[in-house]
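Keep the sequence and the 3D view open while reading.

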Amino acid sequence: MDGFDHRAPSYFICPISLQVMKDPVTIYTGMTFDRESIQKWLFSYKKITCPITKQPLSDFRLTPNSNLLRLIQSWSLQNASSSTTKFVEPEPNDHDALMKVLLEEIKQPHLQVKSLRKIKSLIQENRGDSSRITCISDDGLFSLVASFVVKTELPGIPQITGNDTPAIMNEAVSLLCLLRPSDEKLKMVAQNENGLLIDSLCLIITQYLSNLQIRIQAALLLKSIFKVVDGIYKDGLRVEFLESITEILKDQISKHGSLTVLAILMEVMSYGKNKEKAIKGGLIPVLIELLAEDNEKHLCEMMLVVLEKLCQKAEGRAAFVAHPAGIAVVSSKIFKVSHIGDDKSISLLLCVLRFCISSGEVAREFMEVGGVTKICLVIQSGCNSRTKEKAREILGFHLKTWNKTPCFPSFFKA
């Protein structure tokens, strides 16, 4: 194969000799070299590290890379009329060939991490140009990569606090986030084996406390999954999982991470005992405190939606009223976020105040923080009729009491 004058794909080139490989073999680290070159490195020069990664070798076996060899041989026959070999980046059709090689390599346990990493790079390079990789669809690749997540043994209790996330798990979850499977395929894979992929992703978020990146990536996958799976796969979530995503929300690592967690909460709150579990996990005070600090439109709207769902439960309303800033914070969002924010704030207050009619203390607090004035302004404003009707209902709860106080708006007094 020496002496060819054609542009050789870069993955045909031995990293040591910089020539097209005649007999490609793979070593323990997953790197591939020409047999003659790596034998000299290991056995003539007595090296005990990988030439590329510098990782010490504990296994000196050379595994023939027969798939790559067939590709090199095919390429050699097609370009036999050329005279010299040049090192260049792969042509578009070469990306498909490389993917085929990687899909074969991934079947070998010692090559799986390296193969997943290379497939991820290949997907990133070709994102937006599906014509460059045709040998496998996102649907097919999603099923394959998801199998590595569900097959990787995950720890139970106690929780992991070190940086010991399995490398294959890191690479598989990261790659899954790049893929765009159809809703039908996503649902099928997620619901397979009684929702094993969902369980695995939830455990990643719960267990790998020191690896924030993989936890956020797992949350992104769950956000997409919960949109398409049947309700039965949303109603068995563990308290530990809801506590863990509450912590992610509380830490405010990024707006993207917060939006992802809130999207999950909005999707699952109506199922099973998830509201009770989230309340037990301390979600309500976290949401109130975040609302007090943030006026970003979409985040506030989502937090108000989740809070309202939680306050549909008696224990949720109790936790909301017990927080010293609960009523004040939600009242302050009226006219500050958006028309949607106004409606969600008033819906939340209606949910709470409807069940606190007999509580003079709650009524006084609502008046003192300016909530009654805001409600009166809503009734007079250009808000939609549904929002105004909710405001009127709130006002009717304690109108006789509020009407007698100096704080009550004069334009509403009889």
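Which residues are linked in a network of salt bridges? They are R117, K120 and E171. Bear in mind that this is a predicted model.

**Salt bridges**

The structure holds 13 salt bridges.

| Pair | N to O distance |
|---|---|
| E36 and K40 | 3.8 Å |
| K120 and E171 | 3.4 Å |
| K234 and E267 | 3.1 Å |

K120 forms a salt bridge with E171. This pair links distant parts of the chain: K120 sits in helix 4 (residues 112-126) and E171 in helix 6 (residues 167-178), 51 residues apart. Are the two partners buried or exposed? K120 has 16% relative accessibility, so it counts as buried. E171 is at 11% and counts as buried too. The cut-off for buried is under 20% relative accessible area.

Next, K234 and E267. Their side chains meet in a salt bridge. K234 lies in the loop between helix 8 (212-228) and helix 9, while E267 belongs to helix 10 (residues 255-268), so the pair ties together parts that are 33 residues apart in sequence. K234 is buried, with a relative accessible area of 3%. E267 is partly exposed, at 26%.

The third pair is local. E36 and K40 are 4 residues apart in helix 1 (residues 35-44), so about one helical turn separates them. Why does that spacing matter for direction? An α-helix has 3.6 residues a turn, so residues three or four places apart point the same way. E36 is partly exposed, with a relative accessible area of 46%. K40 is partly exposed as well, at 39%.

**A charged patch**

Which residues form a negative surface patch? E240, E243, E247 and D251 do. One of them, E247, is found in helix 9 (residues 239-251). E247 has 39% relative accessibility and therefore counts as partly exposed.

Helix 13 (residues 297-310) has 14 residues. At 1.5 Å a residue it should span 20 Å, and its end C-alpha atoms are 20 Å apart, so the two values agree. How many residues of helix 13 are buried? The count is 11 of the 14, so helix 13 is largely enclosed by the rest of the structure.

Which residues of helix 5 are buried? They are L141, F142, V145, A146, S147, F148 and V149.

**Helix 15**

V330 lies in helix 15 (residues 326-332). V330 counts as buried because its relative accessibility is 1%. How far apart are the C-alpha atoms of V330 and L348? They are separated by 8.1 Å, and the two residues are 18 residues apart along the chain.

Note on methods:
Residues numbered from 1 in each chain as written. Predicted model: local features only at pLDDT ≥ 70, side-chain atom pairs only at ≥ 80, totals over all residues. Heavy atoms only, no water. Patch = residues over 30% accessible without salt bridge, like charges linked within 9 Å, V, L, I, M, F, W, Y side chains within 5 Å. Areas by Shrake-Rupley, 256 points an atom, 1.4 Å probe, with all protein chains shown as cover. Salt bridge = Lys/Arg side-chain N within 4 Å of Asp/Glu carboxyl O. Lys, Arg positive; Asp, Glu negative; His and termini not counted. Charge placed at Lys NZ, Arg CZ, Asp CG, Glu CD. Helix = DSSP H or I, 4+ residues; strand = E, 2+ residues; numbered from the N terminus. Buried < 20%, exposed > 50% of the residue type's maximum accessible area, 1.4 Å probe, protein only. Expected span 1.5 Å × (residues − 1).
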